[in-house]
Amino acid sequence: AVELEPKIASLDTLAAAYAAAGNYEAAIETQKKVIQKLIKADQTSEVPIYMTHLNAYRSQQSLRISYAAAHKPSKAQPSKSALKTKTLSPSAPPPETVKTVKAPETRPVVAAAKTKTTKPLSLKPTSTPLPYTIQVSAFRNSQTSNQVAAKLRTRGDRAFTCPVEIPDKGKWNRVYIGHYKTYEEAKAAATGLKKRNFRYVHVTKTPYAVEVGLVGSEQQAQNLKSRLREKGYLGYTLAAKSGQNQIRILVGAYENKSAAEELANQLKNDGFNPKIDLR
């Protein structure tokens, strides 16, 4: 429907579908287009409703929308009723190869509507680790790996990178997609990547990462990830553990703590306060 005509209603539905599939970055970018269209169409009274959807995706929550109590739709676009959100578990990734994956074409990022205040993140804490992920490529050059992962993110993949030292091969920079609770979930996601013609897809268990901070707002998360990018790292976010009302900013994914120590030391030297913890 969006390909035929990118209307507000169909874009909003596509964003909800991305979120239901765990592709929150794609959901966020799609929902930003909805907000922009509302502003251009001078339908600012509708913005708060759709901003609620956007904030849910930023908190890694999917939507359950009841249309039974929906407001009477206008001629242009239907308005939506109050929604209930339900947290979905994110995705995961795998190991090394010299082969590279063709990164999907990037799409322009549409800026979100500006808000006067920064709302705290409402990401629900979780006690469930996400140890599995899917490796799709590896590069000698860290900048190249970050660029590939960044392009994958623009297409909705939860991509991130991880520097590793491989015996007899030296330093490589792996590109991963997703964060998963079980091997079965990761394997199912890997099958989907193969259908998208990824040349190399490998599920791996990498339960440890380097945590560089806990934040309580979207702006704080963006600021910390921007600092990481300036130093050559590509950070990602996961839900905080039970008892914490924040989200975690992480870098990398490793099989054990000792494998993550070098990255933790590098981050410390670059001015961060890292600690190695379960993903």
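Among the contacts in the protein chain with a separation of 6 or more, 73% are between residues 24 or more positions apart. The model in which these contacts were computed is a predicted one, and its protein chain has seven helices and 10 strands. Of the 279 residues in this chain, 47% are buried, while the accessible surface of the chain comes to about 14500 Å², with 49% of that area belonging to carbon and sulfur atoms.

The buried part of the chain can be followed first through its nonpolar residues. In soluble globular proteins, nonpolar side chains tend to be buried together. Here the largest nonpolar core has 29 residues, and the members that touch the most other members are Val 212, Leu 228 and Leu 267. At least two residues of this core are supplied by each of strand 4, strand 5, strand 7 (208–215), helix 6 (218–230), strand 8, strand 9 (247–254) and helix 7 (257–269), and the largest share, six residues, comes from strand 9. The surroundings of Leu 228 can be traced in the structure: leaving aside its neighbours within four places in sequence, Leu 228 is in contact with Val 212, Tyr 233, Gly 235, Ile 249, Val 251, Leu 267 and Phe 272.

At the N-terminal end, helix 4 is capped by Asn 141, which has a side-chain oxygen 2.8 Å from the backbone nitrogen of Gln 143; just after the helix, Gly 156 takes a positive phi of about 100 degrees.

Within helix 4, the residues Ser 145, Asn 146, Val 148, Ala 149, Leu 152 and Arg 153 are buried. These residues lie on the same side of helix 4, because they cover an arc of only 165 degrees around the axis. The buried residues of the helix pack against helix 2 (24–40), strand 3 (132–139), strand 4 (159–166), strand 5 (170–180) and strand 8 (236–239).

Strand 5, one of the elements that helix 4 packs against, also holds His 179. Is His 179 buried or exposed? His 179 counts as buried because its relative accessibility is 1%, and its side chain is joined to that of Arg 279 by a polar contact of 2.8 Å.

Technical notes
Residues are numbered from 1 along each chain as its sequence is written. This is a predicted model: local features need pLDDT of at least 70, side-chain atom pairs count only at pLDDT 80 or more; totals for chains, interfaces and linings use all residues. Side-chain values use heavy atoms; hydrogens and water are left out. Buried means under 20% relative accessible area, exposed over 50%, partly exposed in between (1.4 Å probe, protein chains only). Helices (H or I, at least four residues) and strands (E, at least two) are DSSP runs, numbered from the N terminus. The arc is that of the directions from the helix axis to the C-beta atoms. Contact means heavy atoms within 4.5 Å. A polar contact is a pair of N or O atoms within 3.5 Å; within protein, one must be able to donate a hydrogen and the other to accept it, and residues adjacent in sequence count only if both atoms are side-chain atoms. Accessible areas come from the Shrake-Rupley method with a 1.4 Å probe; for residues, only the protein chains shown count as cover. A nonpolar core is a set of buried Ala, Val, Leu, Ile, Met, Phe, Trp, Tyr and Cys residues joined through side-chain atoms within 4.5 Å.
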